[in-house]
Amino acid sequence: MKSAFEMYREEFQGIEYCCYCLETKDGKHSCCSENHFVPFEDLDTADQMHIIDGEIALAAWQAEQQGVRHGR
């Protein structure tokens, strides 16, 4: 069985991120006054974990907001 980290690594594989602020490229030609984007899998483990932690936190917040909207 794969760990959550391994599953996220597969999901984000090929997505390009700014080397400086870790924002996704999303069609931009530059970010942070530079044009250095790298695929998720080429980021170091600490940066990958930072992105994954952010995704998990966002998902938790969205789930909480759904509960609030539905009176839970």
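Q: Which residues does Gln48 touch, not counting residues up to four places away in sequence?
A: This is a predicted model, where local features need pLDDT of at least 70, side-chain atom pairs count only at pLDDT 80 or more, and totals for chains, interfaces and linings use all residues. Residues are numbered from 1 along each chain as its sequence is written, and side-chain values use heavy atoms, with hydrogens and water left out. Gln48 is buried at 1% relative accessible area (buried is under 20%, exposed over 50%, partly exposed in between, using a 1.4 Å probe and protein chains only). With contact meaning heavy atoms within 4.5 Å, Gln48 touches Phe5, Arg9, Phe40, Glu41 and Leu43.

Q: How many disulfides are there?
A: A disulfide needs a pair of cysteine sulfur atoms within 2.5 Å, and by that rule the count is zero. For Cys18, the nearest cysteine sulfur belongs to Cys31, 3.8 Å away. Cys31 has the sulfur of Cys21 as its nearest, at 3.6 Å, and is in no disulfide either. So with a 2.5 Å cut-off, you end up with zero disulfides.

Q: Which residue forms a salt bridge with Lys2?
A: Side chains of opposite charge can pair when their charged atoms come close. The rule for a salt bridge is a side-chain nitrogen of Lys or Arg within 4 Å of a carboxyl oxygen of Asp or Glu. Lys2 is partly exposed at 45% relative accessibility. Its closest N and O atoms are 2.4 Å apart, and the partner is Glu10.
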